[in-house]
Amino acid sequence: MSKIEIRNISMDYVEKNTRFTALQNVSLTIEKGEFVSLLGSSGCGKSTLLSILEGLRSPVEGEVYIDGERVTGPGKNRAVVFQNYSLFPWMTAKKNVVYGIEQTARTLSRQERQARAEKFLQKVELTDYQNKFPLQLSGGQQQRVAIARALAMDTEILLMDEPFGALDPRTRVSLQKLLLSLWRSEEGEKKTVVFVTHDVDEAIYLSDRIIVMQPNPGRIYREVHVPFPRPRDHDALIGTKEYQQFRSELVELFYHSDLAEEVVG
Amino acid sequence: MTWRKRFLRIPHIWFLALLLIQLLPDAKEGDYYPVYVIGSAVILELFYLLVSLFSRKKETISETGKLLSVVEILVLLWVLFGPKLDRLNAKMFPAPGIVFHQFIEDTQPLLAAVWISFRTILEGFLLALVIAVPMGLILGWFKAVRSTASYVVRFVSAIPPIVYIPYAIALFPSMNAAKVFIIFVASYWPILSGTMTGVVNIDRGILDSARALGVGHLSMLLHVILPGALPYIFNGMNQGLGISFILLTSAEMIAADPTNPGLGFYIWNYSNFANYKRVIPAIIVLGITICLISFVIKKIQDLLLRWRAPV
């Protein structure tokens, strides 16, 4: 049984009296422990698809199954990191993580939750900032807290909606490295990750598999397996000829997916 | 800070002027209690010297100085146009010394009146807070009732609460209960509408984040919606408090209750007897009381909303 099974999903929006198809007949299966990226330009429905996986929206048609069970709303088996607004601004960094833990691990004692939050904040190197409020932190630090919270919740699935989209390139790469090393080094079974991005390099460096989506209506265009073995050394990898070759093919796909939009639209 | 920066400041001149002006002859014979003016000036000066001596920040010293200057210049003009030149109506504006003397004489009944007014406000306001906030959270949260509720709130809060005073007096068994009710009504609507606005204005993204975490209903209300709406709740509270002060004094004047004399009654009563030397201290005390309450609320607000300001 696949970890996540998306069966023939369609999604509509009505905006200013016009019906607009965000997703049309999308089907996709994701295996346990897989790192999958949804890649596409804006309007391709990648974030909508993720919000359906989150359980925040219900599709007009089709179903999503996780471990064979139909998704009808948010669940304790999924943790989410958004581009913005993941954190509650009135809670300190640590309180945010503790609050996340409280939602999934109700059996832990107060001390255990505190200790767990501290452990994960240490993993994202924010021990010195744990008593700061989100607005007192930089964008990169806020996303690190959000990642710490998502990982500390110890869910089997991690859903990430352009989590590094608002960061400067340098911070972005350093957070990609951090995410990958945390994902790989976790005890027990690896989490299944669904990662939404419009950044080709980010998708290649992080993913096992890349789903290229196309807009108008949002649907899956192509699916690509990333051939580079793990662990990946970011700086060494992007210098190789194989990487450049793979990247240019992917960019071409990406470009074609967008071109298709212009033909249709 | 150098010695000069600490102590070489203009407010000291006003202090000296206040002392020296007493050397001028009075326009008319009479006891104007100049000792009380000098005494007050000395107390202010001592306070300023202490601030100048111990304050670490230059701004604190200069701000305190400016504030004291305003008070001292006012008293200076009062002395000058009052007893010294006799340009002020002595009945309406008794000499400052006389007022200060009366102030000291009346400390006991003044404090009692402050306490009664303060208690009335506190009871009415807390009652409104305890009922309006949960109701506002619920009315703001459920879309089905939100817009209807907001029309009702807009209509009712447009009515000046002063019209309820006769009703309250007729309906309630005691004047005290009537006054508490009026404060309650006056602060209820601003707090309710502030809370509803706050709930509606919480970022969708934050609510989605909470939903995605799988937060339960109660925790959603207590840990997400309440703190998210808090900035607007404080707006409503401050509005409600402002109206409460106005209404309390009006209510105390209209619902005159000599057995429970609050500050409003105190002022009203002595005005009726044209006893202005007792009215002025009461007005000053009323101003100070309102400032103190607002100050305390501001401090609580800054503490609870400290997450809003990046440090």
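**Rings and their surroundings**

Tutor: B:Trp115 is partly exposed, with a relative accessible area of 48% (buried means under 20%, exposed over 50%, and partly exposed in between, with a 1.4 Å probe and protein chains only). The model is predicted, so that local features need pLDDT of at least 70 and side-chain atom pairs count only at pLDDT 80 or more, while totals for chains, interfaces and linings use all residues. Residues are numbered from 1 along each chain as its sequence is written, chains are lettered from A and ligands numbered from 1 in the order in which they are written, and side-chain values use heavy atoms, with hydrogens and water left out.

Across all chains, a search of the whole structure finds 18 aromatic pairs. One of them joins B:Trp115 to B:Phe118, with 6.0 Å from centre to centre and 35 degrees between the planes, a tilted pair. Here rings of Phe, Tyr and Trp (its six-membered ring) pair if their centres lie within 6.5 Å, and planes under 30 degrees apart count as stacked, over 60 as edge-to-face and the rest as tilted. B:Trp115 and B:Phe118 are three residues apart in helix H6 (residues 107-141) of chain B, and so about one helical turn separates them; helices (H or I, at least four residues) and strands (E, at least two) are DSSP runs, numbered from the N terminus. B:Phe118 counts as partly exposed, at 28% relative accessibility.

A second pair in chain B, B:Tyr188 with B:Trp189, is edge-to-face, with 4.9 Å between the centres and 90 degrees between the planes. B:Tyr188 counts as buried, at 8% relative accessibility. B:Tyr188 and B:Trp189 also belong to one aromatic cluster, together with B:Phe172, B:Phe181 and B:Phe184.

(Axes are lines fitted to C-alpha atoms, for helices over the stretch in contact, and angles run from 0 to 180 degrees between N-to-C directions; under 35 degrees counts as roughly parallel, over 145 as roughly antiparallel, 65 to 115 as roughly perpendicular and the rest as oblique.) Among the residues that make the contact are B:Phe234 and B:Phe245 of H11(B), and B:Ile290 and B:Ile297 of H13(B), where contact means heavy atoms within 4.5 Å. The contact residues divide into eleven nonpolar, four polar and no charged, with Ala, Val, Leu, Ile, Met, Phe, Trp, Tyr, Cys and Pro counted as nonpolar, Asp, Glu, Lys and Arg as charged, and the others, Gly among them, as polar.

A:Lys123 lies over the face of A:Phe120, at 4.6 Å from the ring centre, and A:Arg222 lies over the face of A:Tyr221, at 4.8 Å from the ring centre. A charge sits over a ring if NZ of Lys or CZ of Arg is within 6 Å of the ring centre and within 35 degrees of the ring normal.
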